[in-house]
Amino acid sequence: MRRIGSFFFVVMLTIGCWLPARARAAEDISKFPVEVNGDQVNYFDAEKKVVGSGHVVVTYKDVRMTCEKVTAYLDAKEAIAEGNVVVTRGMSVIKGNRVSYNFEKETADIAEGTVTADPFFGSGHDIKKLGPDEYSIGSGYLTTCDRPKPHYKLRARNVRIYLGKRIVAKNVFLTVGDVPVMYVPVYSQPLNDKFAKINVVPGHDKKWGTYLLSSYRYYFNDNAKGTIHLDYRQLKGFGEGVDYNFKSKDIGMGYLRTYYINEHDKVNDTERERWRIQYRHKWEISPTTVATLEYHQLTDKDLIKDYFYREEYERDPRPTSYASVVNTQENFATSLLITKRVNDFFTEVERLPELELNIKNQRLVEELPFFYKGDFTASSLDKKFADSDEGHNTIRADSYNQLALPFRVADFLSVDPYAGTRQTFYSREGTDDRERFRGALYAGVDLSTNFYRLYNYKTDALGLDVDGLRHIVTPTLSYYYIQKPTLLRDRVYAFDDIDTIDKKNGIGIGVGNILQTKRRNEKNELYTAELMRWIVSTDYVDRSNTISHRLSTIGSDIELSPYRWLFLKQTALYDPASTDLLALNTDISAHDPRDTWRYGVGHRYEQRTSSQVTAEAEARITPLWKCRIYERYECKGRQAKEQEYAITRDLHCWEVEVAYNIRDVHTVWVLFRLKAFPGMPLKLGTSYYRPRTGAPSAY
């Protein structure tokens, strides 16, 4: 059969055989924007339909349909497609043996078909398209596995798919192969969420024994969702908790986290109730005003360490409860801060309340070159010691006022002289109840400049990809002076840095070096790449009360990125008086752009305290297997502080990871992770801290 290349529902038969009526019908038909291509296409004028067969392709606006046979009704704007039907619209794909599709209403009936809603595939005997972005599946299943026989399924009596938003299923059985392993009455999954709904992590360690950590993420809507935790630990018992996240246009967003365990400690033969409540809230009251609240209550100081070590303890072992309101204007900012000790086993400074006004650096009078800035705080302070009735308190009012006269010399040197005064009121002087005032004068000058030089140097040796170089040098010099306070710091309680000021006199010296080049990204667009950033700084301090004038510690901060895949950062503190290296931190991280390996190593050195090396390596051994090794070693004590070994197997639509960790105890766990939802609500493993690169500069 001769192929008709394109058919716009205007069929031209042999010229001269058409009657005027048929010509008018063809003219009406041409207004229907549907194109049919196929091995054979026939038009039936009386029924206003088109029949196509063979390799049929039907297009309508952004809808594309392929099939073996199609019947299109022009007046109803419907098409009935049969045989390997595939309908594509945007990211959604419909497949079935028989599809009835309404192009105008964007509705459809699909028999024995599947629907793709990335990353899910929905399948069922009866699928209905209810609108442009909504599907209904009766007695079918969901899965992220694209094989004809999926490795796992979420079987449900009814499934609703809202493209780009969420999937809702009722009466759901999770089956692995054909074996049901779990039932949930309702399953709701946002399609833009990278966390799986159900997580199960079995493992074993010395403190917990054999354990099973499980979580179920519930979803009411985009503004109300959370997680239910149910954990079992052989040596501790059952623990449960509920997390809740919400968003509101009226009161902002909040996060509530609870956990409870009636701990039956089989090692120490003890029983006690342990729990925690954590609440965080952020409310943007207006474009200039933000309110923040955090509340942390614990039954004991070791709860977070015992049950949430990697998730929280390593980051913040002693959370503080506070409430604050900050208002930021163009020239000033005001804030109200309230901190209250909730857990008596921590030492904390309560601020009930603290009011602060910060006036930004600004010109006082338009005709004069003077700039003013000021900081004012009023605080009711109460320092409470852990597990004790002892403490001390005061009411403090502090003000700092500074006047500056910045100017430029020869358009290359910025000079910023300033003078200031700090005045502080204390309602109590140490253990004495007398009111006292403290005053101190500040003065100084800051000088800075920058210059650069361009080098027409190009090379691709060793894959450096250098297309010209720009070297920027930014030297800075500053003199600062703080008068001896009228009230010495050992006469007042130390609540924060305001109370510890002392006489200070010195010169600050700093030199910054930046090395840049031009490179092209994946889109062949030029961008500025920073190869090096190095800052060296020190102070020439007045030591008249001790020995003599001399340099204080010299600080060095360098970042190197010679390749896109390699980054090095090093910070150092050196004492020229004792010729001792006080601290040295080094981090090197590298990765393969093809994601076949990554490596990181770091060294933390503190004089007379620690010299610790941390390293991590991950490599893909085969397309299906990858391994990871993490080590933390203390050089001073010649002792391995932590080791972790993990191996991961790719099982098509999901991964399984087996890990073994040695720290204070030996821990083994097995982690099942769907590749479509790589995020994990629990941080179990340890990984090397990869430093952030420096901010790019204009070139």
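This is a predicted model: local features need pLDDT of at least 70, side-chain atom pairs count only at pLDDT 80 or more; totals for chains, interfaces and linings use all residues.
Student: What volume does the largest cavity have?
Tutor: Residues are numbered from 1 along each chain as its sequence is written, and side-chain values use heavy atoms, with hydrogens and water left out. A cavity is a set of points on a 1 Å grid over the protein atoms alone where a 1.4 Å probe fits but cannot get out; points join across faces, edges and corners, and the volume is the space filled by probe spheres set on them. For the largest cavity, that comes to about 40 Å³.

Student: How many cavities of 30 Å³ or more turn up?
Tutor: Rolling a probe the size of a water molecule over the atoms shows where empty space is left. With the grid rule applied here, the count of cavities of 30 Å³ or more is 2.

Student: Which strand supplies the largest share of the lining of the largest cavity?
Tutor: Lining residues have an atom within 4 Å of a grid point, and here they include Arg-276, Arg-280, Glu-312 and Asp-316. They split into 5 charged (Asp, Glu, Lys, Arg), 1 nonpolar (Ala, Val, Leu, Ile, Met, Phe, Trp, Tyr, Cys, Pro) and 2 polar (the others, Gly among them). Strands are DSSP E runs of at least two residues and helices are H or I runs of at least four, numbered from the N terminus. The largest share, 3 residues, comes from strand 19.

Student: Which strand gives the most to the lining of the largest pocket?
Tutor: A pocket is an open set of grid points with protein on both sides within 12 Å along at least five of seven lines, and the largest one has a volume of about 790 Å³. Its lining counts 37 residues, with Asp-205, Trp-208, Lys-305, Asp-306 and Tyr-307 nearest the centre. Elements supplying at least two residues each include strand 15, helix 2 and strand 42. The top contributor, with 5 residues, is strand 18.

Student: How many charged residues are in that largest pocket's lining?
Tutor: The lining of the largest pocket has 12 nonpolar and 6 polar residues. The charged ones number 19.

Student: And how many charged residues are in the lining of the second largest pocket?
Tutor: That pocket has a volume of about 590 Å³. It's lined by 22 residues, and Leu-174, Val-176, Ile-198, Phe-672 and Leu-674 sit nearest its centre. Strand 13 gives the most, with 4 residues. The lining has 16 nonpolar and 4 polar residues, and the charged count is 2.

Student: Which residues touch the most other members of the largest nonpolar core?
Tutor: In soluble globular proteins, nonpolar side chains tend to be buried together. A nonpolar core here is a set of buried Ala, Val, Leu, Ile, Met, Phe, Trp, Tyr and Cys residues joined through side-chain atoms within 4.5 Å; buried means under 20% relative accessible area, exposed over 50%, and partly exposed in between (1.4 Å probe, protein chains only). Of the 49 residues in the largest core, the ones touching the most other members are Met-65, Tyr-101 and Ile-161.

Student: Is Trp-654 buried or partly exposed?
Tutor: Trp-654 is in strand 41 and, beyond its neighbours within four places in sequence, has contacts (heavy atoms within 4.5 Å) with residues including His-151 and Phe-672. At 23% relative accessibility, Trp-654 counts as partly exposed.

Student: How far apart in space are Glu-644 and Tyr-630, C-alpha to C-alpha?
Tutor: Glu-644 belongs to strand 40 and is buried, at 0% relative accessible area. Glu-644 and Tyr-630 are 14 residues apart in sequence, and their C-alpha separation is 5.0 Å.
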